[in-house]
Amino acid sequence: MGTEKAKSDLLPGTLDMLVLKVLMRGHLHGYAIAQLIRQLSDDLLQVEEGSLYPALQRLELNGWIEGEWGLSANNRRARFYKLTADGRKHLAQESARYRKVTGAVARIMGFA
Amino acid sequence: MQDSTRWRRVRRRLRYWRSRSERNRLLWEEMEFHIDSMTEELVAQGMAEREARAAAYRRFGNMTQTSEDARSTWIARWISDLVQDLRQSFRGMRRDAGFTVFTVLIAGLGIGASSTVFSVVNAMLLRPLPFRDPGRLVFISNGDQNTAIQTEHYSDLREMNRSFSDLAAWSGFYFPGDKELTGAGEPERLTSVPVTGNLFSVLGVQPAIGRSFTAQECQGKYSAPPAMLLSYGFWQRRFASDPRVVGRTLTLNNRPVTMVGVLPASFDFASVFAPGIPVDVFVPWPLNDPNKPSGNTLKVVGRLKPGATVQGAEAELTVLAKHLEQQHPERNPIGPRLMPLAERVSGRVVPPLFVLACAVGVVMLIVCANLSNLQLARLSGRQKEIAMRAALGAGRSRLLRQMLTESVALSSCGAVLGLVLAVVGTRELAHLQAFNLPLLESIRIDGKALLFTLLTAVGSGVLFGIAPAWRVSTLSFSEELQDASRGSSGGRRHAWVRNSLVVSELAFACILLVGAGLLIRSFLRVLEVNPGFQPERAAALRIDPSFRTSGFAQQNSFIDNVLHRARSAPGILAAGITDMLPLRDDRSWAVPAAGKVYEKGHAPEAYIRVVSDGYFEAAGIPLRQGRDFTERDRATSDKVVVVNETMARTLWPGEDPLGKMIRTDGGRRVIGVVADVRHTALEAAGGLEAYLPMRQTGDYAAMQLVARTALPPDTLARELRTALRPVDPNLPVREFQSFQDLVDKAVSPRRFLVMLLTGFAAFALILASLGIYAVISFSVSQRVQEIGIRMALGASAIDLQSGIVLRTLGLAAAGLGLGMAAARALSSVVGSMLFGVTTGDPVTFIAIGTLLTVVAAVAGYIPAWRASRIDPMIALRSN
């Protein structure tokens, strides 16, 4: 039984990585995660809700994030996610891997 | 490290799975919060609340899909599908309660029968014998499969052979109740088996308590064994499982015998070697006692050395036997015949078990055909539902899987019922003590039988679900949805599937019925056999005197006394004494006629019975010639013998046997000829018999008082007990055997087979008739409109009925034709079990054909009759 893999993404695992990275900023609910990813990418990356929630379930199952219920800014019940120690480790591995892959791609494409 | 994270994930998955409905609700709440937030943002950008919400929902996409995707991370998809299908199935089962009950009942009966038969096969053939390394145990007989080996030959073979690590033996010369237990508690007759001291170690059986026999104990006297081992059953019954009895002394036949040990419960000598005759104790067989029974007395088993084969060992023993015969011309001839012990024990039950296994397999096929047909019929009522599901996006493979899940769920419910039936069935079988079948007591549902039941459930579920499932996946959906009428074309297009299922059901039922019919006819023929005696109203009571008779005078006065008192008891028509009961005990001697020369070892052999006057009358054996024994045939008078017709014919063909002499037992003169009695089995002719007068010999092992009575057996026992009390107050009178019981026991294996097979055949017949009925009434219900029109146009009820009945008979004819041909081809399977009928017995075939035709006609007539009562106006208006 391997870790659950994302189904379709830019590169496999990218959405997971982005979610983990955004969660470095603290406890966030699903909507905020989607918003942040959009804002930080200057509206370039639109997270589809259809893949966000499966991704969150997957990350939680793998023990990389933990969800808990809290109150949102306008006092509504929302589920906040936070990064776990395992998640931090996984993020470090993933970003290193991603850097390598994008670097390689960039070299092939002649960007670098 | 890697493992621990994996393990944590598995645990988390399980936790999520347990709280799945709660988690699902929370997931929806989370997604709704998301949509609310999006809506708020859009409103903030100036959109109207309603539009904003709609836009948010649009952006979010299919929430159900998302939630399912999200969920599928913690529940493997196929599990959730399975659960869904199962839920659907159970919902369907509740809706169609009648169908469900019927299906579960039929599947349950079928699976119950299969598991029971499997347990029987498992106990008798598959499970190894309850000994250590039973594969290397070999049974050694002499010349044919039943003849025993002389003690001297046994000892020499044991010394000289190199193929076996050891040989051991027990005496075939023991009879039920031949030891009398007196002293402690109520006197009782025990069955004891004399065994060589090493029998238990050769078989690999350790006494549960105490020890086996010592070499010294095996050197004693046959008439006074110094030690004995108790069977577990006897120890439980007589001593309430008290372990302190080991070492104590009991009185057997007025001699003290020490109980040295108790054998384990797993060692059931009787059920392996002598089914139907429970053994109480084991005593040592004194190899060197000159006064032990002589002749071919020992049944021998050997344990092959590693690497030795049965063939090799037989070759070696044959050479040794030749050598022994030359060296010892005074001994009996010997020709060792070897057979793996397992084959010896259960070999004779292989053919009937094979028949039973085939029969139950055929029953299962009929069950599956029947259920398949039912499912198909039910499907036509559910076409709309299925088409709807397909239109809503259920894929074909998904529908196929759902149908299969449904049928497997049904058959599994049936299996639960079947298992209950099988547990009850095996328990009943294991307690059938009247049946002398080997290892019967060890029949039970074990792990293997459970596994078999599970496989049968799944297998039959798939088998009966495959046709409906296939049908579902090939439905033309748009057509079904458009087609508003009931008599949809799909139903008719697939009528041939249902028809062929019914035809095959009938054919299978026909095969079973013919098989059962042949065996029933054989059974009746066997019951018709004249056993040579009249079992009705005759019974035997063991009456050996508890004191030792020290001479002919004492013995004969005991006999006189017993007979006198028994004959004067009320209700007794005739009484006599014998040492052997027909169909149970036997021993044989060579009986050369005086004045004739026989090749060595080729003198005719006769069964020897030692009887008193009055025995022939009491047992109902007719006297053909000469005279019966009288009280005057005593030790001092002329030595005489009565022979049976076969013996008279064999020894003195074409001559008058009266007055002729035989050389046996010091020479005896023939004074009478009686009718033949069947000894070994009702199916086999008896062979030669010689009756010696009891007052002229002491060479017998038992005294059975046989009485012919006008009283019911219970009363007879009481009367005889009262009558005999003055003769010997210690007389144990527990063992009371009616002659009818002897006959019943002799035919019990056959009755066992006939009973089961008849049950299966009856079940098959019911299923097949239900199958016909279902198909015909279904086709009638589909043709209601057509029938309405016909009737409106003037067709008479008779026309309609005969049309439908003819169609039924058409199906029946096809099934019968196939079934009869197959039955004729397969009937040789039961050939070896038939008696008095041939495999092509026309009576059976015609009777079964008629039976099936009548049943089919009735099954078809009921829907036909209902069809003819259809009101044409209602039928035409209904659509």
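This is a predicted model: local features need pLDDT of at least 70, side-chain atom pairs count only at pLDDT 80 or more; totals for chains, interfaces and linings use all residues.
Local features need pLDDT of at least 70 and side-chain atom pairs count only at pLDDT 80 or more, while totals for chains, interfaces and linings use all residues. Residues are numbered from 1 along each chain as its sequence is written, and chains are lettered from A in the order in which they are written.

**Exercise 1.** Describe the side of chain A that touches chain B.

Solution. Start with the count: 18 residues of chain A are in contact (C-beta atoms, placed from the backbone, within 7 Å) with 21 residues of chain B. Next, find the elements (DSSP runs: helices H or I, at least four residues; strands E, at least two; numbered from the N terminus). Those giving two or more residues are α2 (30-40), α3 (49-61) and β3 (77-83) of chain A. The largest share, seven residues, belongs to α3(A).

**Exercise 2.** Work out the strand order of the open sheet in chain A.

Solution. The three strands run in the order β1-β3-β2, with antiparallel pairing (strands pair if DSSP finds at least two bridges between them). β1 (28-29) and β2 (65-71) of chain A each have a single partner strand, so one side of each lacks a neighbour in the sheet. β2(A) and β3(A) are joined by seven bridges; E68(A) is opposite F80(A) in β3(A).

Key:
Two residues are in contact if their C-beta atoms, placed from the backbone, lie within 7 Å.
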